[in-house]
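Have the viewer open as you read.

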Amino acid sequence: MLVIEDLQVELAGKLILKHIDMEIKPGETHILFGPNGSGKTSLLMTIMGYPQYKVVSGKIYFKGVDITNMPINERAKMGIGMSFQRPPTIRGLKIRQLVKICSGNGENMDVEALARAVNFVDFLDRDVNDGLSGGEIKRSELLQLMAQNPDLMMFDEPESGVDLENMELVGKIIAHLLEQEIHPKSTKPIRLQKRERRKMGLIITHTGHIMNYITASKGQVLYDGVLSCVENPREILKCIANIGYEECVRCILENNLRNGH
Amino acid sequence: MHIREQFKERALKAVDKKAAIGEDIDLSQYDKEAPPPKPLTDEELCALPQIERELLAMAGIDVTEKERGGTFFQKNVGVVHCDVKQEGIEVIPLKVALEKYDWIWDYYWKLVPVDADKYTAAAELELHDGYVIRALPGSKTIYPIQACMFMEKDNLQQNVHNIIIAEEDSELHIITGCATAHTTKRGAHIGISEFFVKKNAKLSFTMIHNWAENMHVRPRSAAQVEEGGLFLNNYICMKPVKSLQMYPTTHLVGPDAVARFYTILVGSPGSIYDVGGRIVLNYPGNRAEIVSRAISNGGTIIARGHLIGKSPDIKAHLECRGLILNGGIIHAIPELEGHVDGVEMSHEAAVGKIAQEEIFYLMARGLNEDEATATIVRGFLNVDIPGLPPQLKAEIDKAIEESDKDVM
């Protein structure tokens, strides 16, 4: 479980996340909405542990451990993983090697087989992120997460730059990573399959396309550094599409107030 | 007057001539002589002390000669082992060649002027030995030939002269290592190398240097590549040295000749490396590439590169990347010189540090900060060298792995 309590975060001296509370239970996937610059990526980076995102107050707990001041790699080792939107190029390091690193340098890891699943075999001997298109970067990030197999997966705009054909692939892989595939032929009832899900997801999306492939338990809107509401993600998306973020946030706030939140 | 006498005469006039660049070394402080070493058989070579074998291995020399087509091994002033296991390849000590073969005079001091500076002069006047490696027309080496210049005697000035000839349509791969014994603290190494790549021949020359902290090293090399020929020159030095200065020139002297230089340098504290490459493109279809990676770990690295385009329809690129890790200086001096219309020449140079962003990214994949840094450095030094046989690629990788320990 991921628990965030009253988190305040500064970036370059500016308060960018204000009083964030969040809870993702095992098996849950949350969708994070919010206009550009609202702090969505900052929240993910803070959870991942990037030190430039300075926690000025509040706590982050993962699996019951206070990770607020834990270095990035220790969080990764605990099972937090992230698909970055703009990962850096690392010259001379091959994607193949990086995938091995992600798996904890597992000797018997079949990199090729994993890469086939994301249609990425041809890229394995390219330098990490060097000259990759937006869609290729997404697939590279997913491949790394597949090798890493973390318990909490954060996806920063998994749809951006992905063409229609690959969108289905990306969606299905994310569903697979989050253990959301339903196996109708399994001896286990579907309800049990769902209950046995442990993987947690936190997904930033603007378009909501990813929701065609995965089931999200909750949607949240981050607006100006404040988590403004928790709602059914489809409702939120509809609201944003119809009346825009500002109105949407106001409406929901009022709604919440009326309901005694 | 015999041609050798003429060389000597010219050399005598240059004994005090300072080099165009690099620290001037007072050569009088070094011993020029040492007892001739005892020749070693194949078995004796394998029975060298562990510590010495390891040193040689780090310079790419495998005493078992497995996956090697031949071996030349010089210790101090003389040859200890010289054999060839492959047909079509000749490996001859230079002094033997000078005595026995007339053809050697078509090559000896042909590309490097004997009176270029005091170092070339010393190599003529106090020549110890060196090798001639020659691939006969049409022959192809399966395994690389290995050559080693080993310095065991302290305070020695080792003077060697090497001639490498790839005859028409031949393919020759050479790995050469220079190393000093653990007992050797100071000394100087002067190495003349002249490369001849004939029509449609392919020569790869990979040099790995392991010097000592108080060694001055002055290689003086030049190459010429004829029509359709390829010269691939790799230089790796990741160990400390007092000073190393070289700026070899390659002349492309026929259409479609190609030269590619790859240099990997790690500059240790107190060391000065002034290393460059110059390629002259004289004919249409000539291609040249100079790629260097330099890491300063507290040392000073001057990375030079000079491309000279003298014909239309040539292409040349120079790439120099430097990483300052633990202090030190990296000075990149890329030069492009186009003499006619229709040349296509470019360069890119960058000197910087490891981006934090890259370290964090790898940490997010589970590596700790040191592992992430090491991985990025290894990647930085990992240059793709097309056309290099796998054994030599493995030797370069090994040298890079080895350097990790020093850099971190």
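Across the interface of chain A and chain B, 11 residue pairs are in polar contact, with both partners at pLDDT 80 or more. That confidence score is a reminder that you are looking at a predicted model. The largest share comes from strand 7 of chain A, with 5 residues. Sorted by class, the side of chain A that touches chain B has 16 nonpolar, 7 polar and 5 charged residues.

Now take in both partners. Chain A brings 28 residues to the contact and chain B brings 18 residues. Together they bury an area of about 1900 Å², and carbon and sulfur atoms give 61% of that. Charged partners meet here too: 2 salt bridges are found across the interface of chain A and chain B. To see a salt bridge for yourself, show the side chains of Lys94(A) and Asp384(B), where the N to O distance is 3.3 Å.

Next, move to Gln180(A) in chain A. You will find Gln180(A) in the loop between helix 6 (164-177) and helix 7 (190-195) of chain A. Leaving aside residues up to four places away in sequence, Gln180(A) touches Thr29(A), Ala175(A), Arg197(A), Ile214(A) and Thr215(A).

Finally, the cysteines. A disulfide is a covalent bond between the sulfur atoms of two cysteines. How many disulfides does the structure hold over all chains? The count is 0. Take Cys46(B), which is in no disulfide: the nearest cysteine sulfur belongs to Cys148(B) and is 14 Å away. With 32% relative accessibility, Cys46(B) counts as partly exposed. Cys178(B) is in no disulfide either, and the nearest cysteine sulfur, again that of Cys148(B), is 6.7 Å away. The cut-off for a disulfide is a pair of sulfur atoms within 2.5 Å.

Note on methods: Residues are numbered from 1 along each chain as its sequence is written. Chains are lettered from A and ligands numbered from 1 in the order in which they are written. This is a predicted model: local features need pLDDT of at least 70, side-chain atom pairs count only at pLDDT 80 or more; totals for chains, interfaces and linings use all residues. Side-chain values use heavy atoms; hydrogens and water are left out. Contact means heavy atoms within 4.5 Å. Buried area is the accessible area (1.4 Å probe) that two parts lose on being put together, summed over both. A salt bridge is a side-chain nitrogen of Lys or Arg within 4 Å of a carboxyl oxygen of Asp or Glu. A polar contact is a pair of N or O atoms within 3.5 Å; within protein, one must be able to donate a hydrogen and the other to accept it, and residues adjacent in sequence count only if both atoms are side-chain atoms. Helices (H or I, at least four residues) and strands (E, at least two) are DSSP runs, numbered from the N terminus. Ala, Val, Leu, Ile, Met, Phe, Trp, Tyr, Cys and Pro count as nonpolar, Asp, Glu, Lys and Arg as charged, and the others, Gly among them, as polar. Buried means under 20% relative accessible area, exposed over 50%, partly exposed in between (1.4 Å probe, protein chains only).
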